[in-house]
Amino acid sequence: MPSASEEKINKLIRKRLQRTLDSLSSAGFSRAIAKRIQLDTIRVTGVELDGTDGDTKPTRSAQSSVSCLVKVEQDMCNVSGNLHGGCGAWLVDHCSSLALLALSGDGRWETSGVSTNLNLNYLKAAPLGTNLRIVTEVLNFGRVTSLLETKIYNVDTKQLLTVGWHTKQDPQMKPAGKYKL
């Protein structure tokens, strides 16, 4: 049974991730798809409460896994009626970022960072109507660079459809007045 602080941490992280999903669906590319993505499970270790601002702070051993659910609809399909590879890459990009944001805090990874590499292997098609589970694990959580692995499964058959690796960099914005000309 989770402790009171673990429950508070999980609640704070779920709220943060839901805000991120909500912001994705409010504007920009693929907002209609983003509106349909649902948070499923969130598992974190090595995250503490930050007493200074009531948020969370990762430790050196921080790890997370986040899964999301979405159904393949027409606006996600190619001409063959299957999940378009570009849409699959978009799902990996955005859903993997959630696992990284689950570990944000203490001035680190406060945005989802910037992608420096996205590599996907498409193993099986996901036809129109397929229910997908998108599961991301943080493989390496660094101060500046992190590596994430995302697997997309068919919920009903449990088959692995896509595997992706996502490398991200945290731009770590400097406070105003600290720049040299």
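**Contacts, sheet and core**

A: Of the contacts (heavy atoms within 4.5 Å) between residues at least 6 apart in sequence, 68% join residues at least 24 apart.

Q: What should I know about the model and the numbering?
A: This is a predicted model: local features need pLDDT of at least 70, side-chain atom pairs count only at pLDDT 80 or more, and totals for chains, interfaces and linings use all residues. Residues are numbered from 1 along each chain as its sequence is written, and side-chain values use heavy atoms, leaving out hydrogens and water.

Q: How many helices and strands are there?
A: Three helices and six strands, taken as DSSP runs numbered from the N terminus (helices H or I, at least four residues; strands E, at least two).

Q: And what's the strand order in the sheet?
A: The open sheet runs β1-β2-β4-β5-β6-β3 with antiparallel pairing, where a pair needs at least two DSSP bridges. β1 and β3 (114–122) are at the edges with a single partner strand each, so one side of each has no neighbour in the sheet.

Q: What does β3 pair with?
A: β3 pairs with β6 (residues 160–169) over eight bridges, in the antiparallel sense. Leu118 sits opposite His166 in β6.

Q: Switching topic, which residues touch the most others in the largest nonpolar core?
A: Leu17, Val66, Leu91 and Leu132, out of 42 residues. Such a core joins buried (under 20% relative accessible area, 1.4 Å probe, protein chains only) Ala, Val, Leu, Ile, Met, Phe, Trp, Tyr and Cys through side-chain atoms within 4.5 Å.

Q: Which element gives the most to this core?
A: α3, with 10 residues.

How values were computed. Buried means under 20% relative accessible area, exposed over 50%, partly exposed in between (1.4 Å probe, protein chains only).
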